[in-house]
Amino acid sequence: MSRRRHSDENDGGQAHKRRRTSEPIEIEDRLESLICRVGEKSTSSLESNLEGLAGVLEADLPNYKNKILRILCSVARLLPEKLTVYTTLVGLLNARNYNFGGEFVEAMIRQLKETLKNNLYNEAVYLVRFLSDLVNCHVIAAPSMVVLFENFVSVTQEEDVPQVRSDWFVYVVLSCLPWVGKELYEKKDVEMDRLLGQIEGYLKRRVKTHVPMLQVWTAEKPHPQEEYLDCLWAQIQKLKKDRWQERHILRPYIAFDSVLCEALQHNLPPFTPPGHMPDAQYPIPRVIFRMFDYTDAPEGPVMPGSHSVERFVIEENLHCIMKTHWRERKTCAAQLLSYPGKNKIPLNYHIVEVIFGELFQLPMPPQIDVMYTTLLIELCKLQPGSLPQVLAQATEMLYMRLDTMNTTCIDRFINWFAHHLSNFQFRWSWDDWADCLTMDLDKPKPKFVKEVLEKSMRLSYHQRIVDIVPPTFSALIPADPIFSFKYDDESGSSLPGYPVSVLVSNAIKNRASNEEILTILKEVPNPNQEEDDDEGETFNPLKIDVFLQTLLHLAAKSFSHSFSALGKFHEILKALTESDDGKLHILKVVYEVWRNHPQMIAVLVDKMIRTQIVDCAAVANWLFSQDMAHEFTRLFIWEILHSTIRKMNKHVQKIQKELEEAKEKLEKQQHKRRDSGDDEDMEKNSEEDDEGQLEEQIERLQEKVESAQSEQKNLFLVIFQRFIMLLTEHLVRCETGSVDISTPWYKNCIERLQQVFLMHHGTIQQYMGTLENLLFTAELDHHILAVYQQFCALQL
Amino acid sequence: MSVKLSALTSDSYIEISQYRDQHFKGNRYEQEKLLKQSNTLYVGNLSFYTTEEQVHELFSKCGDVKRIIIGLDKIKKTACGFCFVEYYTRGDAENAMRFVNGTRLDDRIIRTDWDAGFKEGRQYGRGKSGGQVRDEYRQDYDPARGGYGKLAQQHRSTERPNSF
């Protein structure tokens with residue numbers, strides 16, 4: 001092996017796969033490859049490739065039928081963006097081999113049942129869509145498809161089921177109509193009209209409390225953030241008005257019409273939707289993200305309207321491409337840019353819109369945030385002459401509409417923009433945003449710029465930020481992230497803690513032991529006590545202040561230095577922070593010394609939680625304390641809070657996993673013992689001992705889980721309680737003063753409350769009962785209660 | 001019912017590379033096993049001035065970072081352009097391989113690769129001059145990595161202007 005280090009050209013490699021030499025596996029691999037690759041760039045036409053492939057597969061049917069069936073079922077489920085390519089292929093195969101067509105349809109129905117049973121609702125949509133397009137390929141008879149749709153829509157008549165369940169069945173039917181609406185209406189228009197009528201009735205009586213929580217912007221203009229079913233319904237209505245003329249979808253089967261219409265069709269076997277199960281996890285509702293319309297793309301093809309079915313199909317396909325290829329950004333970008341039919345649409349605009357739509361999706365983006373940043377960079381690389389301009393235009397538009405943008409989405413916008421800029425030498429036309437300089441710093445636009453510059457500084461350094469913005473922006477430049485030492489020789493020498501600080505500092509430099517340092521610290525007067533009690537355990541804020549300030553000052557050079565300091569003096573820190581007051585105070589001191597370096601505060605808090613110097617509830621209380629009120633709307637506060645909640649959640653999950661594993665181990669052992677029958681007494685005894693040990697361990701873990709869950713519940717109670725107090729105070733004050741409640745502070749606070757619900761919905765679900773009984777009661781101000789009710793309406 | 005299509009589940013960015021640490025204590029098989037389970041990444045092509053804070057900010061976008069060890073010149077004990085980033089979970093490290101590898105930090109395209117795990121001593125450059133090997137032999141001028149390569153620097157210093 002060469003010692004050559006990584007070269008710059010090798011940007012994420014393709015591993016060298018070694019093929020086995022046994023033949024059947026080779027052939028199966030080849031079949032897989034042929035099927036997966038059909039429809040990609042080729043020197044031959046798509047039609048001739050499909051024709052050729054159909055011939056190859058037909059010839060392989062005698063020996064590889066099951067494999068081919070399974071591969072086709074998989075591509076139907078996993079490659080929805082190539083739907084019509086594969087339905088055409090199946091159509092051709094069915095025309096050549098009627099039995100195969102029938103077996104495929106049956107396999108698809110079995111697969112549909114499986115996916116529904118396993119809560120894979122998104123994949124189930126693709127399967128149903130595939131089946132519906134098979135009507136166009138003369139594989140499935142239209143009337144039997146209509147019957148399936150009727151069965152789906154009848155779910156809306158079910159009582160006492162979650163709305164998200166009937167939503168899904170309606171969504172599936174509607175989302176197939178762009179592909180198969182025309183054909184179904186030609187054959188069964190009366191039934192279809194009845195179907196649509198039922199759907200319309202359902203949509204009218206649907207509850208839509210959840211919508212405000214999912215909207216990226218609160219404003220209706222320029223583009224309303226429509227609920228996804230409403231939007232799709234409008235699109236289908238328009239399609240119907242246009243007599244089901246749909247011109248965007250690529251339909252290779254049209255070229256094969258003469259062959260396909262000779263084929264015999266199959267009837268779908270009767271399919272009753274599986275009943276509602278309590279552990280079913282239906283997809284949660286969505287809002288359709290729109291930021292562009294036909295006025296935004298200056299030249300070239302026109303963007304299809306928001307209620308055109310073309311818009312739906314394009315967006316669906318782009319989302320599917322990202323879902324398939326998100327792990328490989330080069331492939332993903334290439335696939336997006338080679339979207340079939342791209343010459344008829346302003347593709348760059350669609351791509352940017354879909355990407356931001358996912359990035360800003362509430363509650364969470366489908367993929368990790370950083371994926372979208374890297375994908376956009378890749379797209380800029382591939383289309384350097386056009387995409388960066390669209391992206392700049394989009395950024396400008398997002399900036400213009402910050403006033404009504406959801407706070408969580410603004411967070412993501414900040415993080416995206418700063419990271420993006422750091423890849424392009426921070427080049428930006430800041431002067432275009434000079435309007436923010438005349439506004440109050442707490443308004444969304446200047447706040448946004450300030451946070452972007454702070455994040456940009458974290459990825460570079462202070463002077464860089466000073467250099468990249470015009471001098472007029474100086475008020476928005478972040479503070480130089482330096483340590484603020486109280487017991488500085490020049491300014492702090494008269495402070496009560498100064499003498500001890502000097503002693504401690506020297507002691508640490510001379511590698512004194514913990515006992516020696518604790519002895520020195522005993523000299524620190526306690527401002528909380530009148531008499532000089534010899535109670536070493538009482539909370540002495542000055543002692544904490546002196547020790548921690550001095551220690552962190554010595555360790556200020558880097559994260560590693562500070563972590564090392566926390567580790568070395570862990571014993572002392574734990575002793576000082578035994579009480580809740582102590583924990584709160586240590587956080588206060590960390591903030592005081594590092595208030596210009598929020599990034600350092602965050603990593604120190606993280607370390608202190610992990611080493612149990614402070615607990616999660618202490619951090620929550622500290623963030624909501626009066627001392628931190630002036631920082632309450634800054635991004636770093638919420639990053640710390642959510643990071644804290646996540647640590648708590650992971651801690652609980654870890655212990656639960658240990659418990660599960662121990663239980664499984666015990667079960668296995670018990671089975672073994674029962675099965676082994678009459679063995680020697682010696683063996684039996686040792687096995688029983690083992691089991692006894694395991695049972696003890698399980699009991700201990702059980703207690704640990706309960707204690708962790710109790711801590712977790714308490715954390716959420718603390719957080720929600722604090723929110724309620726702050727918000728109620730504000731609302732009451734505004735009411736008595738007859739002042740509008742909608743201040744920037746209020747918008748931030750109420751949306752931060754929403755954010756806690758959205759980001760941790762899975763965990764919070766467990767504690768709904770307690771929350772409703774203790775906190776979110778009917779006596780609460782309706783503004784606050786509305787957030788809770790919207791969360792419940794999501795039926796997460 | 002259906003197969004896991006290898007063509008579709010391609011995840012090439014997280015595959016282990018051809019590089020193997022020559023100083024690894026153990027055989028090839030053991031090294032590969034560790035690489036496939038590792039939560040630690042080697043990060044290369046950093047500027048000598050890139051700080052732990054900058055690395056932390058960037059790599060935190062993929063998950064919670066457990067620790068960062070900045071690579072040092074063995075003699076000078078100053079940063080010499082590489083580091084190790086360790087995550088708490090492999091999944092987070094995989095995301096870094098997918099989304100941070102090949103992007104910029106401090107204006108430089110950085111490279112990430114799987115590492116078998118940090119051991120004391122591995123934070124030092126292995127070049128003769130104390131820095132990384134790649135900086136011994138390179139011919140180009142890179143102001144963020146000490147200027148010319150060490151060998152090239154020596155040649156330059158032995159060249160004297162012609163005198164009459």
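Contact here means heavy atoms within 4.5 Å. I keep that cut-off in mind throughout, and I note at the start that this is a predicted model.

**Entry 1: B:Ala93**

I began in chain B, with B:Ala93. This residue lies in helix H3, residues 90-99 of chain B. Is B:Ala93 buried or exposed? B:Ala93 is buried, because its relative accessible area is 0% and buried means under 20%. I then listed its contacts, leaving aside neighbours within four places in sequence. B:Ala93 is in contact with B:Asn39, B:Leu41, B:Tyr87 and B:Trp114. I also checked B:Ala79, which is 14 residues from B:Ala93 along the chain. The C-alpha atoms of the two are separated by 23 Å.

Next I looked up B:Asp107. It sits in the loop between strand E4 (104-105) and strand E5 (108-109) of chain B. Its phi is positive, about 70°, although B:Asp107 is not a glycine. I wrote down the background: most residues other than glycine have a negative phi. B:Asp107 counts as partly exposed, at 27% relative accessibility.

Which residues are in contact with A:Arg464, beyond its neighbours within four places in sequence? I found A:Gln425, A:Phe426 and B:Asp107. A:Arg464 itself is in helix H18, residues 462-468 of chain A. A:Arg464 is buried, with a relative accessible area of 14%.

**Entry 2: chain A as a whole**

I stepped back to chain A. How many helices and strands does chain A have? I count 32 helices and 0 strands. Chain A has 796 residues, and 53% of them count as buried. Its C-alpha trace spans about 100 × 85 × 70 Å along the principal axes. I also looked at contacts in chain A with a separation of 6 or more. Residues 24 or more positions apart account for 76% of them.

**Entry 3: H7 and H9**

I turned to a helix pair in chain A. Helix H7 covers residues 163-205, and helix H9 covers residues 228-241. They pack at an angle of about 20°, with their axes 9 Å apart. That makes H7(A) roughly parallel to H9(A), because angles under 35 degrees count as roughly parallel. By class, their contact has 15 nonpolar, 1 polar and 4 charged residues. The crossing of H7(A) and H9(A) is left-handed.

**Entry 4: H12 and H14**

I looked at a second pair. Helix H12 (residues 329-337) of chain A packs with H14(A) at an angle of about 60°, and the axes are 9 Å apart. H12(A) and H14(A) are therefore oblique to each other. Their crossing is right-handed. Which residues make the contact? From H12(A) I noted A:Arg329, A:Lys330, A:Cys332, A:Ala333, A:Ala334, A:Leu336 and A:Leu337. From H14(A) I noted A:Thr374, A:Leu375, A:Glu378, A:Leu379 and A:Leu382. By class, the contact of H12(A) with H14(A) has 8 nonpolar, 1 polar and 3 charged residues.

**Entry 5: H20**

Helix H20 of chain A runs over residues 514-521. Which of its residues are buried? They are A:Asn514, A:Ile517, A:Ile520 and A:Leu521. Why do these residues fall on the same side of H20(A)? They cover an arc of only 120° around the axis, which puts them on the same side. I then asked what they pack against. The answer is helix H19 (498-509), helix H21 (541-554), helix H22 (559-568) and helix H23 (570-576) of chain A.

**Entry 6: backbone notes in the loops**

Most peptide bonds are trans. A cis bond joins A:Lys221 and A:Pro222, with omega about -10°. A:Pro222 lies in the loop between helix H8 (211-214) and H9 of chain A. The peptide bond from A:Leu362 to A:Pro363 is also cis, and its omega is near 0°. A:Pro363 is in the loop between helix H13 (347-359) and helix H14 (369-382) of chain A.

My last stop was A:Asp160. It is found in the loop between helix H6 (142-153) and H7 of chain A. A:Asp160 is exposed, with a relative accessible area of 79%.

Definitions and conventions:
Residues are numbered from 1 along each chain as its sequence is written. Chains are lettered from A and ligands numbered from 1 in the order in which they are written. This is a predicted model: local features need pLDDT of at least 70, side-chain atom pairs count only at pLDDT 80 or more; totals for chains, interfaces and linings use all residues. Side-chain values use heavy atoms; hydrogens and water are left out. Axes are lines fitted to C-alpha atoms, for helices over the stretch in contact, and angles run from 0 to 180 degrees between N-to-C directions. Helices (H or I, at least four residues) and strands (E, at least two) are DSSP runs, numbered from the N terminus. Angles under 35 degrees count as roughly parallel, over 145 as roughly antiparallel, 65 to 115 as roughly perpendicular and the rest as oblique. A crossing is left-handed if the near helix is turned anticlockwise from the far one by less than a right angle, and right-handed if clockwise. Ala, Val, Leu, Ile, Met, Phe, Trp, Tyr, Cys and Pro count as nonpolar, Asp, Glu, Lys and Arg as charged, and the others, Gly among them, as polar. Buried means under 20% relative accessible area, exposed over 50%, partly exposed in between (1.4 Å probe, protein chains only). The arc is that of the directions from the helix axis to the C-beta atoms.
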